[in-house]
Amino acid sequence: MGEDKKDENSSFSFMNEKIKQKPVYQNPLFRKAVTAVICGVLFAAAALLIWAFAVPRIQNGSDEDVELQPIELVEEEDEASDETAQSETEDGEQQEDSESTVYITETISLELEDYEKLYQQLSVIASAAQKSLVNISVVSENTDWFAETFTTQNTVSGMLVGDNGLELLILTEYDAVSGGDEYVVTFYDYTTASATLKKYDRNTGLAAISVNLSDISESTRSIITYAELGSSKSVRSGQPVLAVGNPLGSYGSMLSGSLTSVTQTASLYDGSYNILTTDIATADGCSGVLVNWSGQIVGLIQDQCEVNAQSDTIQAYGISDMKDIIEHLSNSQDIVYMGIIGADVTTAVSESENIPVGVYVSEVGMDSPAFRAGIQPGDIIVSMSGQTVTNLSDMKSILLKCSNDQTIQVICKRLEKTEYQELELTVDLKILQ
């Protein structure tokens, strides 16, 4: 009976026992949640610090880690084979359709509105080409007789070639930018950026300057375009062209006319270059490009060479002959020279004149690498650096693969009495200064 009462009291006291819950901060789930929140805050703070302090430094130093992408221009197709195939196709089509074709002639008179539409279309073509051109202001500091410093400034047109992932490359005239202390480039939208002279070729008078891509705004990048290069091998005399850039000596000017000759050449050191002549009047400070009516650049306006005594009209390098030069300058590669002016000795000339096939040396530049090596006028160059030379194009191709101060072996044939004797000469190539 006593035990039953004891059990009853025990049961009663157990049922009235008050169970206390643990504080919230001691709950494992709560602790994990608080830990996650604290970690998130710390990570966010660290990210802000990195964004505020580390990113600018990383960006400033990232230029050294950027892998430069080489500038590569599209190679031209063989125009002769294309024209032959096209001619054969057209002949076949003409033979098939000659019996069924009926020609209707109708005299059409042009109204003033037609001329207006024509010039509006030419303006559209010129405007599109201008997006791939820039104006370069060249600032130079000089000293007069009284030791006073004064500043001079001139402008020249430049052509946007491409970018290597770090810099925007621009082709321009070397004489206009040589000796400059500061270069300021103005783009199509009239924004500006500082530039640096990269490489130059005194022989052709071309140079490449560069602008850091980080100095060009996104809006400007979306507007400008890289030059669309056409083919000067396919142009014909009488073909209409536009002179765009600085043809009047001022930025954004445009002139129209036609080609008067497309077959003339200029003999420079170690090669000859196609010159396009026009009926477009030239002006002081004239620079820029020739554009066909498809909007493609077919010529680089130049005053380095003058052919056919046309000093009062615009002349230009044919773009096809200059593409290798443009690539080398844009990729900061040396353009070396040997220093001879020559002419091709073709197979026909060789057989008729009984002289070796190669490059006939008509002139040797004073103090040039060729002069110091002992090459003389009258020699015929038949091999360079172990490669056969049959014409000036072969010579240019070989020299473009060489670098400054490189030594090559040149084999010449020199007339001794009645026979040509073979000579092997050592030439130390240099950059024309």
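Modeller: A residue is buried at under 20% relative accessible area, exposed at over 50% and partly exposed in between (1.4 Å probe, protein chains only). The model is predicted, so local features need pLDDT of at least 70 and side-chain atom pairs pLDDT 80 or more, whereas totals for chains, interfaces and linings use all residues. Residues are numbered from 1 along each chain as its sequence is written, and side-chain values use heavy atoms, without hydrogens and water.

Colleague: How many residues of strand β12 are buried?

Modeller: Strand β12 covers residues 313-318; strands (E, at least two residues) and helices (H or I, at least four) are DSSP runs numbered from the N terminus. Strand β12 is largely enclosed by the rest of the structure, because the number of its residues that are buried is 6 of the 6.

Colleague: Which residue of β12 is the bridge partner of threonine 277?

Modeller: Strand β9 (residues 271-281) runs antiparallel to β12 and is joined to it by 4 bridges; pairing requires at least two DSSP bridges between two strands. For threonine 277, the partner in β12 is glutamine 315.

Colleague: What is the order of strands in the closed barrel?

Modeller: The barrel has 6 strands, with antiparallel pairing. Neighbouring strands of this sheet are turned by 40° against each other on average, direction ignored; axes are lines fitted to C-alpha atoms (for helices, over the stretch in contact), with angles from 0 to 180 degrees between N-to-C directions. The order is β1-β2-β3-β6-β5-β4.

Colleague: At about what angle to β6 does helix α7 run?

Modeller: Helix α7 comprises residues 319-330. This helix lies across β2 (149-163), β3 (167-173), β5 and β6 (206-212). Its angle to β6 is about 40°.

Colleague: Is tyrosine 190 buried or exposed?

Modeller: Strands β4 (residues 182-186) and β5 (residues 192-201) are antiparallel and share 4 bridges, one of which pairs tyrosine 183 with alanine 195. Tyrosine 190 sits in the loop between β4 and β5, and its phi is positive, about 70°, although the residue is not a glycine. With a relative accessibility of 62%, tyrosine 190 counts as exposed.

Colleague: Is aspartate 270 buried or exposed?

Modeller: Aspartate 270 likewise is not a glycine, yet has a positive phi of about 65°. Its place is the loop between β8 (253-268) and β9. Because its relative accessibility is 3%, aspartate 270 counts as buried.

Colleague: In β16, which residue is the bridge partner of tyrosine 360?

Modeller: Strand β15 (residues 358-364) pairs antiparallel with β14 (residues 340-345) over 6 bridges, and tyrosine 360 of β15 is the partner of alanine 343. Strand β15 also pairs antiparallel with β16 (residues 380-384), over 2 bridges. In β16, the partner of tyrosine 360 is isoleucine 380.

Colleague: What share of the contacts with a separation of 6 or more joins residues 24 or more positions apart?

Modeller: The protein chain holds 10 helices and 20 strands, and 38% of its 433 residues count as buried. Contact is taken as heavy atoms within 4.5 Å. Among contacts in the chain with a separation of 6 or more, residues 24 or more positions apart account for 61%.
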